[in-house]
Amino acid sequence: MSRLPFYLLVGLLLVAGIGLSVHRHVALEVPWTPGEQRQVWEVEALVNFNAQGGPVLVDMALPSNQQGFRLLTEHTASPGFGLSFLEEGGARRAQWSIREATGSQQLYYTTQLLVAPDSRPPEVTPPPLRRDIVWERPHDTAAAQVIERAWSRSADSFTFARELIRDFGDERQGENSRLLLTQFERGPLLVRLLNQAGVPAREVSGLLLEDGRRRQTLANWVQVFDGERWALFDPATGEQGRPDNLLLWESSGQAVLEVQGGTNSRVTFSMLTHNQPAAAAVRNQLAEDTLLNFSIHSLPLEEQALFQTILLIPIGALVVVILRVLVGIKTSGTFMPVLIALAFIQTTLITGLVGFLLIVAVGLVIRNYLSYLNLLLVARVTAVIITVIAIISLFSVLSYRFGLNAGLTITFFPMIILSWTIERMSILWEEEGPKQVLIQGGGSLLTAVIAYLAMNNPWVRHITFNFLGVQMILMALILLLGNYTGYRLLELRRFKPVTED
Amino acid sequence: MWTSPGKLRDKGIIGMNRRNIRYIGRYNNRRLYPLVDDKLKTKLLAQEYGITTPALIGTVTTQFGVKQLDAMLHGHRGFVIKPAKGSGGKGILVIEHVEDGAYVKPSGARLGLGDLERHVSNILSGLYSLGGSPDVAVIEALINFDERLSEYTYEGVPDIRVIVFKGYPVMAMMRLSTAASDGKANLHQGAVGVGLDIATGTAIRGVQFDRTRHDHPDTGHELASLHIPDWRTLLLLAAGCYEMTGLGYLGTDMVLDRDLGPMLLELNARPGLAIQMANGEGLRNRLDLIERQPEGVAPEARVAFAQQHFARRSELETSAEVATVTEPG
């Protein structure tokens, strides 16, 4: 009988589980520990314009995930306007529309951005080279000479761009440059010249992030392509490179803001930064709709809270499997300790232990009386259930009267499970005496406490909730444990007399 | 207090996990479990295969039928009420005799008819059955047990557990009830387990609560002289259970009746490991040897093989009175 398929399955589960988890850590920046802090920027764009009384269409560029930043959330405030988000060719835009508007209008767009230094930049396709550039005399000769001069002093596209921009700088400005600048603006002029020299380039708009700044405007940068690579150049200084705090707002060479039916339009930005726990930052992450990023975080908050508990159950079950298979502890009811541990999470440990012992002890006394009534089993267990509910109600009221609010959490205990526990313990007491009750009851309680400690660990909660791949790893572990033929820890004591002769 | 896994392995001791995966999981087809988990089925099947079992007084299958208990028990001196699907000796009620309308347990405790009816009712509602499913109460006659063994037991009937692997009897022990075990012959309840030599049926060593014993805790009788009469018949009976059930790893519980000889009491598809303690030896080597044997060997040949290969010498000090029990005939 070959065990190969079994080990293949286990290996597959392990690889898939670890792979999924690592993918979530690397691609989505989900940290391994819950304590890590992440920097988050909150950027607000305010669009101002005067409407002329007719239909208005406002079209604004929006930032997308990029090198150094990941979009967490975005909100808009635009009363009365219709709003839609468009995406074409990697460029995201928001369109506000209204049938009739007059006077000064304000539209707000707020976004939260996670600072993610390691995030990979998305693929950027170079713009097509413009071939239709025509100059009027005498600008054509000036342009040709400027290009010629920079070309001779450069080795590739990037150095060419740098030399070209420097020629328009204050120190080296020659006659040709001055002539061209009288006719054209610096940014578009540079893009024109670069294109004419066969170097794809475009003008992009970026925002320099500084904490607490208000009424900021976008700065223009020249994006120069050299095959697969690209670089940003400051059009004023020719400095190459992207500052760490530069957020590219518009990067496809289109207008940042277009308003139809309005005048005096402008957009200004305010920004704030703050640190927040990584786990919370992850939770705010916009769910990307791919299978690999499949995550509980795409559910509504209420269901997320539910899943936080559900995903812990395998951990509790693993504790039970370990204690039973590797240690050999006896419990009353296989997974009853997991349910008790779940109740402990709600009640806290000490309150939970006291509550559990109180309920079971009182329940055993009452169950003992019920056994004299000669009832059918189902009826008797039902009677125990009602008794347990009565005990829980009584304790809740009493603890509340005495000002012990912790006592109220006793209602989190699974009543039907408790009733069956009482029934089983009672039978055990009758048949095998109080010692077995102590062994099995103690074993169950010990298992429940260990399961509680495991499930209530902040790191375990973080890992199980944020990495669904961990469930596959748990599955693989449990499959492996199910294959263990060695001795249990307690058997080393049980069988000791045999080895003594 | 603790020993090392290495030492246990040297002794050939089998742990719970190994038993479950390597033997029960591999040799016991789950489809066949009902045959042994339902004592009524076992009994009927045994009758079909000519294996002797204690006489059946009757069965109670419905709560309504509980009222007929009195009539059913009328005229019987001693009897045993057990759940057909019980496990681990749970729910077995032994009544030694009836006295002035009171039912007397081996311990001397007296029960009324009401107690009996409640017990039967509990059995029917599944209190003692695996998984709590509704059950049937089986009432069978008390065995007239062989008085030659009475010095070795306190109250209840001693039974003999034989582990049958692929039809070969591999290890045996006698379970002697004690005051601590309330007349029941379950080791974890405090019965004394005495390892038996497969070749001869004589005692090898004794344990109670997993600790070595040389005498019976209640009667004080030493265990060295214990010798089971009709040993070969008993082994044949046990070996025959393999053909009867098809289960490869089987615990057979036998009793010795004064008049009828060895009888099959019940079968167990998940026999416990305490038998290794009683024998002071692990099962591993014997099971490995059997695994190397071919299939399709007749029961007589299997018993002979086991008697030849699994012979052991007693570890108990033999006292002056040797062999108080002798083979009849």
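**Figure 1. B:R161 has B:M173 as its bridge partner in strand 9 of chain B.** The model is predicted: local features need pLDDT of at least 70 and side-chain atom pairs count only at pLDDT 80 or more, whereas totals for chains, interfaces and linings use all residues. Residues are numbered from 1 along each chain as its sequence is written, and chains are lettered from A and ligands numbered from 1 in the order in which they are written. Strand 8 (residues 159-165) and strand 9 of chain B run antiparallel and are joined by seven bridges. Strands (E, at least two residues) and helices (H or I, at least four) are DSSP runs, numbered from the N terminus; two strands pair if DSSP finds at least two bridges between them. The hairpin of strand 8 and strand 9 of chain B has two residues between the strands, and B:K166 takes a positive phi near 50 degrees there.

**Figure 2. Strand 9 of chain B and its pairing with strand 10 of chain B.** Five bridges join strand 9 to strand 10 (residues 192-196) of chain B, in the antiparallel sense. B:M173 has B:G195 as its bridge partner in strand 10 of chain B. Nine of the nine residues of strand 9 (residues 168-176) of chain B are buried, so this strand is largely enclosed by the rest of the structure. A residue is buried if 20 or more other C-beta atoms lie within 10 Å of its own, exposed if 12 or fewer, and partly exposed in between, with C-beta atoms placed from the backbone.

**Figure 3. An open sheet of three strands in chain B, in the order 4-5-6.** The pairing in this sheet is antiparallel. Strand 4 (97-99) and strand 6 (110-111) of chain B are the edge strands, each pairing on one side only. Two bridges join strand 5 (residues 102-104) of chain B to strand 6 of chain B. Opposite B:Y103 stands B:L111, in strand 6 of chain B.

**Figure 4. The largest nonpolar core, with 92 residues.** A nonpolar core is a set of buried Ala, Val, Leu, Ile, Met, Phe, Trp, Tyr and Cys residues joined through C-beta atoms within 7 Å. B:A137, B:V164, B:V170, B:V194, B:A238 and B:M254 touch the most other members. Helix 7 (residues 231-245) of chain B gives the most to this core, with nine residues. Domain 1 (5-36 + 146-309) and domain 2 (55-141) of chain B both contribute residues, so the core lies between them; the domain bounds come from an automatic or database domain assignment. B:A238 touches B:V162, B:V164, B:P169, B:T252 and B:M254, not counting residues up to four places away in sequence. Two residues are in contact if their C-beta atoms, placed from the backbone, lie within 7 Å. Apart from this core lies another, of 56 residues, among them A:V43, A:L107, A:L180 and A:L248.

**Figure 5. Helix 3 and helix 5 of chain A with the elements around them.** Buried residues of helix 5 (residues 186-196) of chain A include A:L189, A:L190, A:V191, A:L193 and A:L194. Their cover includes helix 2 (139-152), helix 3 (157-167), helix 4 (175-183), strand 7 (201-208) and strand 8 (219-226) of chain A. In helix 3 of chain A, the buried residues include A:S157, A:F160, A:A161, A:R162, A:L164, A:I165 and A:D167. Buried residues of helix 3 pack against helix 2, helix 4, helix 5, strand 7, strand 8 and strand 9 (229-233) of chain A.

Figure 6. A:A383 counts as partly exposed because it has 18 C-beta neighbours inside 10 Å. Not counting residues up to four places away in sequence, A:A383 touches A:L370 and A:L375. The C-alpha atoms of A:A383 and A:I366, 17 residues apart along the chain, are separated by 9.6 Å.

**Figure 7. The side of chain A that touches chain B.** Here 25 residues of chain A are in contact with 30 residues of chain B. Helix 11 (377-401), helix 12 (415-455) and helix 15 (489-494) of chain A each give two or more residues to this side of chain A. Its largest share, four residues, comes from helix 15 of chain A. The residues on this side of chain A divide into 11 nonpolar, six polar and eight charged. Ala, Val, Leu, Ile, Met, Phe, Trp, Tyr, Cys and Pro count as nonpolar, Asp, Glu, Lys and Arg as charged, and the others, Gly among them, as polar.
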